[in-house]
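Thanks, everyone, for making the time this morning. I would like to walk you through a few packing details, so please have a look at the model on the screen.

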Amino acid sequence: MTNAATAEAPLMQIDDLAVTFQTPRGSFRAVRSASLEISRGEVLGLVGESGCGKSTVAFAMMNYLPGTAQVSGAIKFEGQSITQFSDAELRELRGNRIAMVYQDPLTSLNPSMRIGPQIVEVLRHHLDLDGQEAQVRSVELFASVGLADPERIGRRYPHELSGGQQQRVVIAMALACDPHLLIMDEPTTGLDVTTEATILDLIVELKDRVNAGILFVSHNLGVIARVADRVAVMYAGEIVEEAPVRDLFNNPRHPYTIGLLSCVPQPPGDDGIERQLRSIPGAVFDAQSAQTDSCLFAPRCPIASEICLEASPPVAHVSDGHDARCNKYSDVTDDLWGDLRERQDKPESDSALPVLNAEDLRKFYGGGRKKYILFGPPVRQPVRALVDVDMRVESGRTLGIVGESGSGKSTAARAIVGLEARDRGRLELRGEALEGDVGDRTEEQRSSMRMVFQNPTASLNPKLPIKHAITRALRKFAGVSSAESQDRAEQLMDAVGLDPLYLDRRPSELSGGQQQRVALASAFAANPDLVVADEAVSALDVSVQAQVLNLLEQHQRETGNSYVFITHDLGVVRYVSDDILVLYAGHVAEYGPSDSVLSAPSHPYTEALLSAAPVPDPDAEPTHIRLEGSVPTLRSELKGCFFAGRCPRKIGDICDNEPPSEQQGPGGATHTINCHIPIADLERLQLSDSAINTRAAD
Amino acid sequence: MAVQDSALQPELESGRPSTPLRAANAARNGLALILKTNTGRVAFAIVLVHVLVAILGHWITPYPPTEYDLPNRFSGPTAEHWLGTDDKGRDVLSRVLAGSRSIVWIATLGTILGVTLGTIVGVTSGYFGGKTDQIIMRFVDWFLAIPSLLLAILVINMSRQRFSDLDESWLVILTIGISFMPNNSRVIRSAALAIKPLEFVQSARLRGEPTIYIMFREILPNVLPVVAVEAAIRLSFALLLTAGLGFLGLGVQPPSSDWGLMVSENFRHIGQVPLAALAPGLAMASLVVGINLLADGIRQAQNLPDTGGS
């Protein structure tokens, strides 16, 4: 390799890449046609839903595909075709010049080795440093990725670090050999929003500091908008649109890109009007299909015509650096996916009796173990998962529960439906007191409170046809005979937008979105008063997520049922909820009407969550409030405020020594904020922060 | 998707749940997968021969297996007696062929009993968890500490006094069942523990389904693959245990031609007619090897990616 070649050739260039996997079930065309270029010093975002071939492209750039893969097209790194490389050359390439960061940091770190020696090993192996030099360099690297106490952190084991710290260590290892190309495959997907924000800050900062090209793979448009310079959108193994980040978000030309952008729940616009969420019908294109002679997006595209079905569309040049693989790129408009309809107001709730009323709900885990198994003092204090939480759900309304992982959201859901018996507190369904365990409740109570889980695949029995879940619910709750249950099940399938023919299929034959619709059909079977949805849309792709959210809303409008909607996604919760409960370490931080909770003044924790949430707008000002670390596990009664350990607005000793009192927020009598800082001060602090100001106006 | 649709059409048009059809399909697919490997084919051939002999053995013996021919005792392999004769002049080949049925029958029934008991105990223990699980599993541990042969001798001796008119083979079956239960229940319990926290089990609890229903309708179908492998592995142990008990004189009684019994009877004369003792042993060994290989085949077939639907 000559220096001249390096200077001229782009850092990484792939041209008409296609990857086909040979499996026992036939060939699987993971990538059909992808052409990309990455230069030093820029971040290329690669975005698309699951199964679109993003990760395969990332792996192909390192020539790191399994033997069953057939690769065609060119992959050139600094002008050299890496498909021709020998094993020894590839090893040198992967360690020294291309580095990769994966989604789950724990699988990239050796759990039985302290992190210091792990990074020293990399340095000695690839850079031939001696022990002393490697040691010094590892401390520099830890410092450069923003790890606190870089001198001593090397002595920790991976499990002693939080998820965010682990990902920082992995990034430090990737940077160890000054790579020319850094590939990041969903590096923040497994992290909490608050941690995600700090990692994204680090990546943005690295972009300026390290002169490397970065390929950033993500399904999240908000994350892409924050870090990328250019964005490539993938659908069904093809790059359908590529543009500089501002162009892509402000002037998208491919119907799929526009669809993806309109599926993300957005805060109300400047006019204060809340918009109906739009969705892309259908599911992600089946990558196994061999079809090539038409536009792959045509079956889901609202403006597809004859020409789209006749041939695969050529890549059209929209403007400088902006390409779209669409026949009709010049015809697309913002209202492609339906008008921006104003959301209808919900019908008035008959507020005579709340559907669900919880007072002082408390759940502690694991206090049962004694020193001598059945006798003696308890080994450890129990974990205080939920501490004296109150909530109230009116009929026809939706209560959103938000918080990071470990904040007690799921415990609250499980205590409400009775999967875990609560330790203390009152729980009433339409004024009737509920037993703790679901087995002790009456059939009627069980039928009027149903639950939808996060993982659609696990919520259906893989060995039974999908009608099982629906007909069992019908027979148990609606008292329907088995002959009639078939008809009713078909109606329910219709209602959730699925072909009734699917009833006899196994769950494995359905996509994740379809499985979640079946779970909804089963939940709706007996017209429940309340449906508890625990992260019910978190595992779904954005286009499918929008379909399910609209389905939930439509059902609520038609039958007047209520939801308890648990999620970590603030955009989603803003869209679906009438009231919001913000939980932190099992304590209520803030509770009140959705609009008041999500605008200043709010609890410092709510403020931090809002500040961390990525916005799909590259022009949004980066916000400043960041939370480090993770939610603590509380085992003893707190003397001070539950949030004092991480609070960015801590005012002093009072936070450590006195529990905060309930204050009435600006949202009226039903809005409470548990904080020592007076509301007026909170408002002044938060509004004076210009970043928050900008965000609130968005 | 289109291909899948048309493939599923016949089933869907029938309207009724097609579970039996699917089960038959699954069994056929499983067999096809086992037969894909050489190991699987060899194992299947060995086991098939043994099963045929077990069924037909009594009718294809050249001589009645218990017929004495004292002048011809201690004969080596000849044209009349391919495997020679034993100390009472009985034809060894006939005795080996006829002996197949009792051992295959006893071992199979014993395994089914053991695996059934183990599955019930394992699924119960795994599903209930907590204190119930602790108590059941300590009891199982206590059982595990007793060597199975010792347990067998204990059970047979105790029950022989009680039920003197009961056929020995039933006692052996019972013994195998009891001594296999603990190991089995451990394996099934761990499989059930992995299924229990899944959302579809929680959904069933939220529907207010009875515990028995959840354990056997929701959880059991998902641990059946584990049960199948476990049964195949256990079967070869059961054969060895049956033969061992026969050898010790605790199983089927003379003059029947149980393999273990044959080995023990002819062991004394191994210098004179080695085949009389070796033949039942070799028959036994080939069956055990065949079954072990088949178990491997089943395991491999199950490790392949889920083939449901396509």
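Before anything else, axes here are lines fitted to C-alpha atoms, for helices over the stretch in contact, and angles run from 0 to 180 degrees between N-to-C directions. Helices (H or I, at least four residues) and strands (E, at least two) are DSSP runs, numbered from the N terminus, and two residues are in contact if their C-beta atoms, placed from the backbone, lie within 7 Å. This is a predicted model, in which local features need pLDDT of at least 70 and side-chain atom pairs count only at pLDDT 80 or more, while totals for chains, interfaces and linings use all residues. Residues are numbered from 1 along each chain as its sequence is written, and chains are lettered from A and ligands numbered from 1 in the order in which they are written.

With that in place, in chain A helix H14 (residues 409–417) lies across E13, E16 and strand E18 (424–429), running at about 115° to E13(A). Those strands belong to an open four-stranded sheet of chain A, ordered E16-E13-E18-E19 with antiparallel pairing, where two strands pair if DSSP finds at least two bridges between them. At its edges are E16 (383–393) and E19 (432–433) of chain A, each pairing on one side only. Seven antiparallel bridges join E13 (residues 356–365) of chain A to E16(A), and Lys363(A) has Leu386(A) in E16(A) as its bridge partner.

Turning to chain B, helices H4 (residues 92–128) and H5 (residues 130–144) of chain B pack at about 145°, with axes 7 Å apart.
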